[in-house]
Amino acid sequence: MPGLPTGAFRAVGQDDAIPDGFVIPFYLEDRRLRISVVRVDDRLYAFDDLCTCADIACPLSGGLLTGMTIMCQCHGSEFDVTTGAVLSGPATQALNVYELEVVDGSIRIRA
């Protein structure tokens, strides 16, 4: 989607494609950015898909989601999906979280 201004909403997928308790990764090509979207208690949240705990790219979309907490599969760091805050290390840097909206069944993320 070349030409989109920074901060514009981007459609990434359909709302009904994410069941409650699941993590789905999306790649925003124009920003070269991986974002995970989760549904918890019928609410959607979006955050960086790559964990901040290591020099290697470790996708959180492959980690364990328990309630509002996502655990990195590589080193066990835990993050709050609503705020991106580190709940337990080794990660020390929070995840970026992203505003999202659902319009006519389409999930749109502002990044």
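β2 and β3 pair in the antiparallel sense over six bridges; pairing requires at least two DSSP bridges between two strands. Leu28 is opposite Leu33 in β3.

## Model and conventions

The model is predicted: local features need pLDDT of at least 70, side-chain atom pairs count only at pLDDT 80 or more, and totals for chains, interfaces and linings use all residues. Residues are numbered from 1 along each chain as its sequence is written, and side-chain values use heavy atoms, without hydrogens and water.

## Cysteines

There is one disulfide (cysteine sulfur atoms within 2.5 Å). Cys58 and Cys74 form the disulfide, with sulfur atoms 1.9 Å apart. Cys58 lies in the loop between β4 (43-48) and β5 (64-66), and Cys74 in the loop between β6 (69-71) and β7 (78-80), 16 residues apart. The link of Cys58 and Cys74 is right-handed, with 100° about the S-S bond.

Relative accessible area is classed as buried under 20%, exposed over 50% and partly exposed in between (1.4 Å probe, protein chains only). Cys58 is buried at 1%, whereas Cys74 is partly exposed at 35%. The sulfur of Cys51 is 3.2 Å from that of Cys53, its closest cysteine sulfur, too far for a bond.

Key:
Helix = DSSP H or I, 4+ residues; strand = E, 2+ residues; numbered from the N terminus.
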